[in-house]
Amino acid sequence: MKSQSDTVSKILKNYDLCEYCTGRIISKIVGKPPSKFLGEKFLKKPSKSDHKKCYICKNIFDYLEPVLSNIFEKSSHFDFKTFHLGITLKPSFLERDDYLKSKFKIKGIENIKFGIAKELAKKISRRTNSKRTTDDPDLLIQANFKDESCTLRAKPMFVYGRYNKKIRRLPQKQGLCRSCNGIGCHNCNFKGIENLQSIEGEISNLFIKKFDCNQVKINWIGGEDQSSLVLGNGRPFFAKILNPKRRNRILRKTCDLEGVSLSELQKLPLQPKGSISFKSHVSITVDTKKSISLTQLKKLKILENTEIKDFSRNKRSLKKKIYKVGYKKLGKTSFILDLFADGGISFKSLIQESDVVPNVSELLENQCECKKFDFKNIVV
Ligand SMILES: [Zn+2]
Ligand SMILES: [Zn+2]
């Protein structure tokens, strides 16, 4: 149509545009998808000596190479099949783009940022054999055209597993690094945790090496004392692997670490939602102040199928229950209490005088002390 080609020639007569920007700006007017080829068709064949600069993009499309080579270098350290690309551009690019669009009343076309990102993504896809997507990409690429830099971040991954603890004096959790309080600093090698042996530390180090990641956050299904053993099938846990460079590495089902062995290890596509309920079979060694008789110990049977109330915690905490009770006299002033109970009960508070009701010390009318407790099994 006459008026359409009029607008196009008016734009091209007044402004020097590159083939990319031409294709984009006129796409709506001529009713074709924006492309370099569309632009070429409407631009008069520029002679090679013609070094006119594009009004909008200052020929940025000819200078994608430095940014691209940065991206290729950095992304070569990452396993990824999909990526999302964001770009940072000097505001003047968008200002010129908007000015020209408003001057010629052009609406509903891609902006210059979108155009550059599209071209860049095409090249990244081709070179790295990956796809651009906004839907949960493996890798986030942020390219900055102000200084030709780029930052890459891999999507987190999740691992499920169980651990058995065979030695005492090994805490479950690692303390936070005292210098940075968990943020990550030079003192802690950017792991955010103290440099002491713990189950958390051992599992974290394993995954940090395996997946070449920055940090590991572990979600425990219950916890135990430093002196407790964890037997049976082991305690389940979920690990969130932050910024893993090597997400495709094979993870074997089992792994033996120092004093800890891992089993049922598997990568998960997503983190399980909400809290996971579990029951545990625990064996508690109890010392009593006064001597204790078997007849007195029989009273412990009333704990069976009893709800445990902890008045020290807020009342909205979930109801916990003991399902099975067994006991064995060890000596004059000691016995073993075997329980099968909901996870999350504080066994020390159950045995020793506390705000937990019922309470073993009260029940036996004898001051009891929880010497140690071991987990025989944990059921999810
Ligand atoms: Zn241009
Ligand atoms: Zn630190």
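## Exercises on a predicted model

Pro-358 has its place in the loop between strand S14 (356-357) and helix H10 (360-364), where helices (H or I, at least four residues) and strands (E, at least two) are DSSP runs numbered from the N terminus. This is a predicted model, in which local features need pLDDT of at least 70 and side-chain atom pairs count only at pLDDT 80 or more, while totals for chains, interfaces and linings use all residues. Residues are numbered from 1 along each chain as its sequence is written, chains are lettered from A and ligands numbered from 1 in the order in which they are written, and side-chain values use heavy atoms, with hydrogens and water left out.

**Exercise 1.** Determine what kind of peptide bond joins Val-357 and Pro-358, and then examine the phi values of Glu-264 and Asn-305.

*Solution.* Start from the background that most residues other than glycine have a negative phi, and most peptide bonds are trans. Then turn to Glu-264, found in strand S9 (residues 260-268), whose phi is positive, near 55°. Glu-264 is partly exposed because its relative accessible area is 34% (buried means under 20%, exposed over 50%, partly exposed in between, with a 1.4 Å probe and protein chains only). Finally, Asn-305, in the loop between helix H8 (294-297) and strand S11 (306-310), also has a positive phi, of about 55°, and is exposed, with a relative accessible area of 51%.

**Exercise 2.** Identify the protein donors of the zinc ion (ligand 2) and classify their arrangement.

*Solution.* First, collect the donors (N, O and S atoms within 2.8 Å of the metal, or 3.2 Å for Na, K and Ca; water is not among the atoms, so sites may look incomplete). The SG atoms of Cys-177, Cys-180, Cys-185 and Cys-188 lie 2.3 to 2.4 Å from the zinc ion, and along the chain these donors follow the spacing C-x2-C-x4-C-x2-C. Second, inspect the angles: the four donor atoms subtend 103 to 112°, and therefore the arrangement is tetrahedral (for four donors, all angles between 85 and 135 degrees). Third, consider accessibility: Cys-177 counts as buried because its relative accessibility is 5%, and Cys-180 is buried at 10%.

Note on methods: Tetrahedral: all angles 85-135°; square planar, octahedral: opposite > 155°, others 65-115°.
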